Each structure stands twice: as structure tokens, then as C-alpha cells.
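Thanks for coming. Please have the structure open.

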Amino acid sequence: MDSKLKQFIDQKYLNLETYKKDQTSVKTPVWFVIDNDQLYITTKETTGKVKRLRNNQNARIAVCSMKGDIKSDWVDVGLENIPEESDVEKIVKLRKKKYGFSARLISIITSQKGKTMAYSIQVRDG
């Protein structure tokens, strides 16, 4: 795992900063999982962050509270969509294991909001 990502081990939330077409930043606290030294997030295809990531895969992440209060330094990252449905399902299972009942409840609440998508997070140089 990249040394810049080690700060996320044993954390519950990361703040994902994505960018609109006009480069305005949008900060969103999100759940994440780590598998084989790789960070992943999941979201529904209808969310604003998915729209922003289609236009610009560059982002920043930092450890944060549930409300999004930043607790670490920002790390420049790129996000890559995971296209394989079996890989997405594996990441969703890991999320359910990490977040328990809360993850199951959110899955039920958001089940009508479209397909679940997963993204891998890679540190950007610079």
C-alpha cells in the first residue's frame, strides 16, 4: 500500500473531494474499504460524484468524521471505475462486513436509486 494511504487503515470515513466542470470542488464524506492494499468506495450511479468523476477522475481524499470534518492531510488521487459486476459485489460485501447493520440499512434505502458502482483509488504523484 502506498505510504500516503496508510493513514486510512482502521478509519471509518474519508472525505472525497471531486470537481465540477467549472473546477468547483465538492467534498463528500464516504465509507470505504481496503482490500489487498487497495482503497475502494461504492456509490449509486445516479449520485453527483459519479457525474463529476465521469468528467474528471482527479480527486483528493482525507480522513474525516461522519460529518466530513477533516482529520488528516489531503492526498491527491485518481479514481477508476470497476467495471466487473463480480468485483463490485465483492467490494459491497466487504463494505457490509466493515459497516454492519448501517451498510445493510443504507442498501435497502438506496436500492431504487440505480446500479451500485465501485471505484478504486490510486495516489497521484505531485
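I start with Glu 17, which counts as buried at 3% relative accessibility; buried means under 20% relative accessible area, exposed over 50%, and partly exposed in between, with a 1.4 Å probe and protein chains only. Before going on, the conditions: this is a predicted model, where local features need pLDDT of at least 70, side-chain atom pairs count only at pLDDT 80 or more, and totals for chains, interfaces and linings use all residues. Residues are numbered from 1 along each chain as its sequence is written, and side-chain values use heavy atoms, with hydrogens and water left out.

Which residues does Glu 17 pair with? One is Arg 60, with the closest N and O atoms 2.5 Å apart in a salt bridge, that is, a side-chain nitrogen of Lys or Arg within 4 Å of a carboxyl oxygen of Asp or Glu. This pair links distant parts of the chain, since Glu 17 sits in strand β1 and Arg 60 in strand β5 (residues 58-63), 43 residues apart. Helices (H or I, at least four residues) and strands (E, at least two) are DSSP runs, numbered from the N terminus. Arg 60 is partly exposed, at 22% relative accessibility.

Glu 17 also forms a salt bridge with Lys 27, at 3.3 Å from N to O. Lys 27 belongs to strand β2 (residues 25-30) and Glu 17 to strand β1 (residues 14-19), so this bridge ties together parts 10 residues apart in sequence. Lys 27 is partly exposed, with a relative accessible area of 46%.

Another bridge joins the side chains of Lys 90 and Asp 35, at 3.0 Å from N to O. Lys 90 is in helix α2 (residues 85-109) and Asp 35 in strand β3 (residues 33-35), so the pair ties together parts 55 residues apart in sequence. Asp 35 counts as buried at 17% relative accessibility, whereas Lys 90 is partly exposed at 42%.

Now the chain as a whole. It has 2 helices and 7 strands, in the order β-β-β-β-α-β-β-α-β along the sequence. Along its principal axes the C-alpha trace spans about 35 × 30 × 30 Å. Of the 126 residues, 43% count as buried. Among contacts (heavy atoms within 4.5 Å) between residues at least 6 apart in sequence, 68% join residues at least 24 apart.
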